[in-house]
Amino acid sequence: MREMLEVKALSVRLGQKQILEDLSFSVGEGEWLMIAGPNGAGKSTAVRAMTRGVDYKGTVLFQGQDIRRKKSVELARCIGVLAQSNPVSYSFSVEEVVSLGRYSHAPGLFPFFRRGTAEQKPDAPEASQNSDRDMVEYALELTGMTRQRGQSVLTLSGGELQRTFLAQALAQDPRLLVLDEPTNHLDLLYQKQVFELIGEWLKTPGRAVISVTHDLSLAKAYGTGVLLLDHGRKAALGKAEEVLTPQVLERVYRMDVYGWMRKMLSQWAEET
């Protein structure tokens, strides 16, 4: 299996505070790595560092190449990022925001659409073989935002706004999708739909996903692997069934996670 991203001895210090220390892991093609851990564990900082959003020590390699040596436009063709929140103060339409995901594939800050085959419907497009419009249509359909395409992003709900920026990331047609709490503002229906569509997106060869999540159930259900962080350090790394054990979780979360989860789920059990 080919490694998509390799992180070696990643450390981040902000002022006098050490946020991450000596973190190493990798994700290969076809894998979905979940990054979990308590508040303050360094999950979002890890995502920012591996996408060059914060200064770091160590090495981050994308398909064997140091990301520090890539231009921003080149990196955007490789890695799509969805932040935890996306505040907006401009009245762009949904379609315009999603279209900005294509900037790295054409010259100029606001490139016009390149035309593809007439009446071509996006099914599972690849960037080199389809027009910008195809990719935007594909992303809008995949995220369920086609009907709101002409609507100002200033009028969207939190969930709709999050799906718009997910569509923007998908429109980039990246090889690696990096998501920081992708369903943070979504209700249960859209949480289910978003994770399922990401799973479908991942089925295309040559892709991988890294997600930050607080929801251990989602990590267990969808992740091929889990990286568990604790106070900026790697507490455990491996398959979900190897990492999300009662012993490991109690050590990291300082509570009986399994007991708590069972108690919560028991409220939904059918009465006999």
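Keep in mind that the model is predicted.

Let's start with Ala 9. You'll find Ala 9 in strand β1, which covers residues 3-14. Its backbone has a positive phi of about 50°, even though Ala 9 is not a glycine. And how is Ala 9 placed, buried or exposed or something in between? Its relative accessibility is 34%, so Ala 9 counts as partly exposed, since that label covers values between 20% and 50%.

Now jump ahead to Glu 181. Glu 181 also has a positive phi of about 50° and is not a glycine. Look for Glu 181 in the loop that links β7 (176-180) and α6 (188-202). With a relative accessibility of 8%, Glu 181 counts as buried, because buried means under 20%.

Finally, turn to the helices. Helix α4 runs over residues 132-143 and helix α5 over residues 158-171, and the two pack with their axes 8 Å apart at an angle of about 140°. That angle makes α4 oblique to α5, because an angle has to be over 145 degrees to count as roughly antiparallel. The crossing of α4 past α5 is right-handed.

Which residues make the contact? From α4 come Met 135, Ala 139, Leu 142 and Thr 143, while α5 brings Arg 163, Leu 166, Ala 167, Leu 170 and Ala 171. Sort the residues of this α4 and α5 contact by type and you get 7 nonpolar, 1 polar and 1 charged.

Methods. Residues are numbered from 1 along each chain as its sequence is written. This is a predicted model: local features need pLDDT of at least 70, side-chain atom pairs count only at pLDDT 80 or more; totals for chains, interfaces and linings use all residues. Side-chain values use heavy atoms; hydrogens and water are left out. Helices (H or I, at least four residues) and strands (E, at least two) are DSSP runs, numbered from the N terminus. Buried means under 20% relative accessible area, exposed over 50%, partly exposed in between (1.4 Å probe, protein chains only). Axes are lines fitted to C-alpha atoms, for helices over the stretch in contact, and angles run from 0 to 180 degrees between N-to-C directions. Angles under 35 degrees count as roughly parallel, over 145 as roughly antiparallel, 65 to 115 as roughly perpendicular and the rest as oblique. A crossing is left-handed if the near helix is turned anticlockwise from the far one by less than a right angle, and right-handed if clockwise. Contact means heavy atoms within 4.5 Å. Ala, Val, Leu, Ile, Met, Phe, Trp, Tyr, Cys and Pro count as nonpolar, Asp, Glu, Lys and Arg as charged, and the others, Gly among them, as polar.
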